[in-house]
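Colleague: Before I use any of the labels attached to this model, I would like to go through them with you and ask what stands behind each.

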Amino acid sequence: MQTPKIHVGDSAGGDGQPQAPKRSGVDQPRIAKAVREILLAVGEDPDRDGLRETPDRVARMYAELFGGLHEDPRQHLQKFFDETCDEVVLVRDISFNSMCEHHMLPFMGKAHIGYLPRGRIVGLSKLVRVVEGVARRPQVQERMTEQIADLLIEELNVQGVAVVLEAVHTCMTIRGVCQPESLCVTSAMKGCFRSDPSSRSEIMTLIYGNRH
């Protein structure tokens, strides 16, 4: 199954017609109105002191959490450096927060990204920016893992890419099966890390070698 490509939001409405520009591409007044309706639907009074400003707070929060919908993470990979490097480059423990699109509840964890260069390297902070850009949108962890790997393999012309994500999903910890100790681990291996077992073993050892 082919991984869905990254899409960047625009100002078109559901009928394809242009709408008035919105701050950061997010219609915060519309979100605030919807949150007020949710409060009414669950039996709360949105006009009481503690909730009066809640719809606006949630709207601002959603604008932040879903900011990745309105940027293209490829932009962070356009600047690179020509270097003779034929060994693995790995950044471990990149923190991320995302929103599960199934229940609109957050999942959060760590990303580990490794690649084997082919004459060029990218700034390490750019890998963090890519993770942030892909995470800040309605997501599922499996797709997020593949999207990060695909972006790197497409934009950096590398020999191989390995992406491993570890995350706690609040849709499993605070509702439903209520398993607070559960951890979801996903991986995406591209290029040499997929075709060469020794390269795959090397990158997994670099990621997990010191852990017990």
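This is a predicted model: local features need pLDDT of at least 70, side-chain atom pairs count only at pLDDT 80 or more; totals for chains, interfaces and linings use all residues.

Modeller: Residues are numbered from 1 along each chain as its sequence is written, and side-chain values use heavy atoms, with hydrogens and water left out.

Colleague: What makes up the protein in terms of helices and strands?

Modeller: There are seven helices and seven strands, where helices (H or I, at least four residues) and strands (E, at least two) are DSSP runs numbered from the N terminus. Read from the N terminus on, the elements follow the order α-α-β-β-β-β-α-β-α-β-α-β-α-α.

Colleague: How do you know which strands of the open sheet stand at the edges?

Modeller: The five strands of the open sheet come in the order E5-E2-E3-E6-E7, with mixed pairing. Strand E5 (138-139) and strand E7 (184-191) each have a single partner strand, so one side of each is left without a neighbour in the sheet, and this places both at the edges.

Colleague: Why are Phe96 and Phe107 called an edge-to-face pair?

Modeller: Rings of Phe, Tyr and Trp (its six-membered ring) pair if their centres lie within 6.5 Å, and planes under 30 degrees apart count as stacked, over 60 as edge-to-face and the rest as tilted. The structure holds two aromatic pairs. In the one formed by Phe96 and Phe107, the rings are 6.2 Å apart centre to centre with 75° between the planes, and the pair is therefore edge-to-face. Phe96 lies in strand E2 and Phe107 in strand E3, so the pair ties together parts that are 11 residues apart in sequence.

Colleague: Why does the count of disulfides come to zero?

Modeller: A disulfide is a pair of cysteine sulfur atoms within 2.5 Å, and by this rule the count is zero. For Cys100 the closest cysteine sulfur is that of Cys171, at 4.2 Å, which is too far for a bond.

Colleague: Are Cys100 and Cys171 buried or exposed?

Modeller: Buried means under 20% relative accessible area, exposed over 50%, and partly exposed in between (1.4 Å probe, protein chains only). Cys100, at 5% relative accessibility, therefore counts as buried, and Cys171, with a relative accessible area of 11%, is buried too. By contrast, Cys178, in the loop between helix H5 (170-173) and E7, is partly exposed at 39% relative accessibility, and its phi near 50° is a positive value in a residue other than glycine.

Colleague: What is the phi of Asp93, and how exposed is this residue?

Modeller: Asp93, which lies in strand E2, has a positive phi near 60° and is partly exposed, with a relative accessible area of 38%.

Colleague: What makes Pro117 buried?

Modeller: Its relative accessible area is 0%, so Pro117 falls in the buried class. Pro117 is found in the loop between E3 and strand E4 (120-121), and, with residues up to four places away in sequence not counted, it touches Cys85, Glu87, Val89, Val158 and Gln159, where contact means heavy atoms within 4.5 Å. In E3 itself, nine of its 12 residues are buried, and buried residues make up 38% of the 212 residues in the protein.

Colleague: How do you know that the charge of Arg120 sits over the ring of Phe80?

Modeller: The rule asks that NZ of Lys or CZ of Arg be within 6 Å of the ring centre and within 35 degrees of the ring normal. The charged end of Arg120 sits over the ring of Phe80, 3.7 Å from its centre.

Note on methods
Two strands pair if DSSP finds at least two bridges between them.
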